[in-house]
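Here is a short tour of a structure with several chains. Please keep the sequence and the 3D view open as you read.

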Amino acid sequence: MDEINKVIVNEAWCKGCEICVKVCPKDVFVMENFVAKVIRMEDCTACLLCEQLCPDFAIVIEAAKKEKKKASA
Amino acid sequence: MNSRTYMMQGNVAVAEGAIDAGCRFYAGYPITPSSEIAEHLSKRLPAIGGKFIQMEDEIAAMGAVIGASVAGVKSLTATSGPGFSLKQENIGYASLAEVPVVIVNVMRGGPSTGLPTLPSQGDVMQARWGTHGDHPIIALVPASVRETYDMTIQAFNWSEKYRTPVILLLDEIIGHVHEKVTLPDPDELQIFNRKKPSVPPEEYLPYKADESLIPEMAAFGDGYRYHITGLIHDETGFPTNNAEKIAEMMDRLNSKLLKYEHEIIQVEETDTGDAEIGIVAYGSSARSARTAMRKAREEGIKVGMLRIQTLWPFPVDKIYEFGKKVKEIVVPELNLGQIAHEVEHAIQDRFRVHRVNKVNGEPIHPDEILNKIRGLK
Amino acid sequence: MDYFKYLRKDKFPHIWCAGCGDGIVLKAIIRALDNLKIEKNQVAMVSGIGCSSRTPGYVDFYTLHTTHGRAIAFATGIKMAKPELHVIVVTGDGDATAIGGNHLIHAARRNINMTVLIYNNHIYGMTGGQVSPATPMGDFATTAPFSAVENNFAIAELCAAAGASFVARSTVYHSNFLAKIIERAIEKRGFSVVEIMTPCPTAYGKINKKGTGEQMILDQKNLAVRIEKAQTMSPEELKNKIIIGTLVDRELPEYINTYEKIMSQAQRM
């Protein structure tokens, strides 16, 4: 079974700019009390848009290791 | 015959002194009467593995020499009044960031464009306070071509030793005069280099000093990654707004030279043993004073001279002692009394200080000083 | 991507405002250096004064935070003294084109090997929002309360005309593209300039009703036009658009190279 990609938000560093909320194609984030919260981690595709565009280094994506699927004969 | 005997121009003596001190980078902008320094180094430096660049303006030149010094190369820039004014902000940067660098100002008539081809000593106060804020500075004033060579080496040694910009103040006369000099063998010179870190990179604090008050300085590119800024910083080199740390920095910075005044402050006393009338002079005016002194002695007037070699820090104590020996002090200068003011302060008496001031582009004639002395007899 | 390998982590969180693009640029710089496998001991980063000029404090390289407008001059000295170092200058629209304009054009003319990243946020942000040479005519600033009335420099075009080997422009929204052109700029032997359009929601954005930071960044998506496409469009169609892409990428004599030849010549005489 594939593991999910991990989305880690450093809430102490998040300044609540909402860029991640707006750019994520899978709506993984919502704002709660001016801080980004991950509500759909399982939908994360590790596109890295949030990680690249978070100006505060508050988001780290740990991409899941994919199991190798055997080629069909 | 010694092969290091030359008929040398003052400006060229700066260039040769710099080379013998280990200077391998020059950045500057042409300005009369200093341009010979740049022209000479543009030829000499590349031939010995050094680099020369004529920058687009004076401010850029000052920035470039600080950058090169930070990267570990001894650097020189030279200018005159208008350029010296332009360089002030970056001179302050070098002072605060404690970057060794030597700045030559071949003084000419001012203010503003002034008298580009004529001498003055009008920038002496500016050398101390030209850049804003409380900061330390060393300024040296040679009075001959040989002394210019020696003082240039001194300037580099002290800038390295004390991590400070050093200003070398020539005037147009000293810069352009040609004199016979026999230079020492460069291998016999004592050359001083900045203290390199004694700890590995992880432990290095660029602005932490021991009792010497002088921090160790790593060069960019040598494996010590650290931060240098013009913002007031703490011993880590990073900016701070903490009142205690600011006070600490300002205190160490502004007192570090005080600790070494015994070495830095240099004057030359002539015939002061029995002197009744004293002269305090510096640079080319000291040469006029020397002749006036000889003539006065021939007339039976007991004159002695204290010639200032280190202008800043000012030789307050030496002049105070001089003031106790003599009855009156004559201060000849090619400005309107900038150093006379300091002498008055040093001896705590403005009534015993007599100015011989000239700002018309001509050197002070020995007789002008002699007449002043005669009037005081 | 482990950004912290290249950063002074103990200095975080950084001082930039919520929604400011400067942190995005910093990430792109790190991805570029990481891709090029450049070691930290090989990089000197030099800055002037302004928000973008605070970047060197956060990176684990040889860092020099200089005086307003003069970063390129200091960087020239570093490069002349230690040509083996990668020298990266970070500066802003005011720092680089107003007070620093002279140094920018002469370094481009010399084509000295360094990378200059000009963060263009159309304002003097650090000092509270005064007008900059890049504030569009008609926009407001604290020193242009009746609106800005001056033309702007076409910054990238200016550098190309002055003689730079490599000039490109991007926005922070196009962060992958940004990292790629910064990589090319660093790799390129010559004077490389990247003009980076980055939002300042606090100073520029607020007074000009551009919305919050994330709105300004998303707007960049719509305003950007690739240079290849822009070449087929009319001036009216290009009004208010941001042209992104590589303006020049050419082979020209580089200053350090040329000067080293002078040194050989001088040593042979």
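## Terms and model

Helices (DSSP runs of H or I, at least four residues) and strands (E, at least two) are numbered from the N terminus. The expected span of a helix is 1.5 Å times one less than its number of residues.

This is a predicted model, in which local features need pLDDT of at least 70 and side-chain atom pairs count only at pLDDT 80 or more, while totals for chains, interfaces and linings use all residues. Residues are numbered from 1 along each chain as its sequence is written, and chains are lettered from A and ligands numbered from 1 in the order in which they are written.

## Helix H6 of chain B

Let us begin with helix H6 of chain B, residues 145-162. Its 18 residues reach 25 Å from the first C-alpha to the last, close to the 26 Å expected at 1.5 Å a residue.

A residue is buried if 20 or more other C-beta atoms, placed from the backbone, lie within 10 Å of its own, exposed if 12 or fewer, and partly exposed in between. In H6(B), 16 of the 18 residues are buried, so this helix is largely enclosed by the rest of the structure. Just after H6(B) comes Arg163(B), with a positive phi of about 50 degrees.

## Chain B as a whole

Stepping back, chain B has 13 helices and 16 strands. Its radius of gyration is 21 Å, close to the 21 Å that the globule rule gives for 377 residues, so chain B is as compact as a globular protein of that length. Here the radius is taken over C-alpha atoms, and the rule is 2.2 Å times the number of residues to the power 0.38.

The C-alpha trace of chain B spans about 70 × 50 × 40 Å along its principal axes, and 53% of the 377 residues count as buried.

## Where chains B and C meet

Two residues are in contact if their C-beta atoms, placed from the backbone, lie within 7 Å. Of the two pairs of chains that touch, B and C have the most contacts. Chains A and B do not touch, and their nearest C-alpha atoms are 20 Å apart.

The contact between B and C takes 34 residues from chain B and 33 residues from chain C. On the chain B side, the largest share, nine residues, comes from H3(B). Strands pair if DSSP finds at least two bridges between them; S10(B) and strand S2 (residues 62-65) of chain C run parallel, joined by three bridges. Ile228(B) has Leu64(C) as its bridge partner in S2(C).
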